[in-house]
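Q: I'm new to this one, and I'd like to learn how to read its features. Could you show it to me?

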Amino acid sequence: MTTTRVCVAGGGPAGIMLGLLLARHGIDVVVLEKHDDFFRDFRGDTVHPSTMNLLDALGLRAGFDAIPHHPLTMLDVVANGVRVHAVDFTTLPRPNNFLTLMPQWDLLDLLASEGARHPSFDLRMGTEVIDVLHDAGRVSGVRVRDSDGESKVRADLVIAADGRDSTVRRRVGLRPAARGVPADVVWFRLPHPSRHVPDTLAWLSEAGMLITIPRPDYLQCGFLIPKGRFDDMRAEGIERFRARVARGSPPLTEVTDHIVSFDDVKLLSVQIDRLPTWTAPGVLCIGDSAHAMSPAFGVGINYAVQDAVAAARILVPVLTRGGGHAEIDRAAARVQRRRAWPTAMMQRIQQVVHRAIANGRAVRVLDNPPTRAQRAVMRVAIPVARPLVARMVGYGFRPERLSG
Ligand SMILES: Cc1cc2nc3c(=O)[nH]c(=O)nc-3n(C[C@H](O)[C@H](O)[C@H](O)COP(=O)(O)OP(=O)(O)OC[C@H]3O[C@@H](n4cnc5c(N)ncnc54)[C@H](O)[C@@H]3O)c2cc1C
């Protein structure tokens with residue numbers, strides 16, 4: 001059995017960041033990650049300006065810059081064949097006035113290596129949380145399983161950072177309220193086409209919404225499809241699917257035959273939900289465990305990291321002065337009060353986007369070529385909207401700062 005001050009279930013962006021931030025203050029923290037490594041394809045890749053500001057504040061810039069990544073100053077959307085520079089990060093303050101695409105496993109490796117420099121940071125890979133322990137009506141730790149069998153980790157506070165299907169959350173009886181999202185996403189890779197295509201985040205057409213995330217050697221693609229329609233799509237055959245991708249993004253037509261069969265296409269369910277209460281005695285949920293975000297605007301990682309920063313800032317003073325359980329639980333509740341509003345705002349916007357895609361309004365917004373009236377509106381509205389959208393996407397609502 002291990003005894004620690006804080007036990008974090010889940011080594012995703014929220015869990016690793018919180019572990020690192022607590023360890024920097026000398027707080028004993030055990031982070032438990034069920035997988036043996038961070039290498040998983042479905043994770044988002046976006047690192048936002050606010051996360052880079054944080055990495056600067058943590059002194060991790062040199063390490064970050066040493067990892068290959070793909071900076072984007074603009075996010076283009078192609079709607080009905082018309083390219084729109086929808087988000088312009090250069091309107092944000094320097095030096096982090098861009099968004100960058102970095103494989104999430106590299107970012108997590110960087111944070112975990114930094115954590116390992118602190119003696120109070122104990123990251124255990126290949127260790128799954130299977131249950132919580134109770135003591136006098138309060139959660140007092142977790143039961144875990146690793147290659148040596150089962151054991152216990154006792155802690156004054158358990159952080160549920162174990163993602164949208166959180167075990168800890170379920171074991172303490174917290175249930176998220178689902179916000180209906182009429183979409184799933186199918187995930188696949190394509191090589192870059194031979195002719196250069198400007199970096200494009202999303203292609204909106206009658207075929208649906210196709211997301212194309214440029215990685216150095218290939219495009220990570222996601223096609224948003226109506227919820228529950230994947231089986232119909234499979235039944236129609238891979239040829240029809242390839243044709244649909246080509247209709248979604250005509251420049252990709254020449255590479256669609258790299259989708260050999262549906263074995264190359266993974267279905268991921270898009271989910272937006274939120275816990276009405278993020279805490280139970282002895283437990284605080286953060287990141288996707290408190291609020292699953294959809295891939296829209298790629299803000300889920302950023303929000304998970306921001307939760308971790310807020311949690312550290314609020315919890316560190318209580319934990320370092322030896323606060324007791326009641327004080328720790330009150331501090332945990334303050335984390336929810338701080339983060340619930342920015343989360344709800346962003347989720348509402350994501351829902352609006354999903355609805356607009358589902359009912360076709362997002363595509364019909366522009367003719368091709370745009371009418372004179374549409375061009376006039378774009379000339380006036382886009383320069384006004386761009387910096388606002390850049391702030392919203394780059395920082396989220398209520399960006400967090402580090403404690404001392
Ligand atoms: C298809 C798709 C694409 C997305 N694209 C983007 C994007 O481009 N940019 C973006 O910002 N967001 C994106 N998101 C959202 C983003 O992935 C999440 O919001 C973000 O990863 C949440 O971070 P987290 O640390 O809270 O949870 P997670 O990243 O889910 O991490 C949870 C961790 O806990 C571990 N775990 C789970 N159960 C246990 C257990 N019982 N014991 C121990 N460990 C456990 C998991 O292995 C995992 O490592 C996308 C989401 C989807 C579905």
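Predicted model: local features only at pLDDT ≥ 70, side-chain atom pairs only at ≥ 80, totals over all residues.

Q: What is the phi of A136?
A: Most residues other than glycine have a negative phi, and most peptide bonds are trans. A136 isn't a glycine, yet has a positive phi of about 50°.

Q: Which residues does a cis peptide bond join?
A: That would be R94 and P95, with omega about 0°. P95 is in the loop between strand 6 (82–88) and strand 7 (99–101).

Q: How do I read the salt bridge of D131?
A: Side chains of opposite charge can pair when their charged atoms come close. The cut-off is a side-chain nitrogen of Lys or Arg within 4 Å of a carboxyl oxygen of Asp or Glu. Here D131 pairs with R171, and their closest N and O atoms are 2.8 Å apart. This pair links distant parts of the chain, 40 residues apart: D131 is in strand 9 (residues 128–135) and R171 in helix 5 (residues 167–171). The structure holds 19 salt bridges.

Q: And how many aromatic pairs does a search of the whole structure find?
A: A pair of aromatic rings is described by the distance of the centres and the angle of the planes. Rings of Phe, Tyr and Trp (its six-membered ring) pair if their centres lie within 6.5 Å; planes under 30 degrees apart count as stacked, over 60 as edge-to-face and the rest as tilted. The search turns up six such pairs. One of them is F39 with W105, tilted, at 4.3 Å centre to centre and 50° between the planes.

Q: What domains does the domain assignment give?
A: Bounds like these come from an automatic or database assignment. Domain 1 is 2–43 + 104–176 + 273–358, and domain 2 is 183–269. Their centres, taken over C-alpha atoms, are 32 Å apart. Between domain 1 and domain 2 there are zero salt bridges.

Note on methods: Residues numbered from 1 in each chain as written. Heavy atoms only, no water. Helix = DSSP H or I, 4+ residues; strand = E, 2+ residues; numbered from the N terminus.
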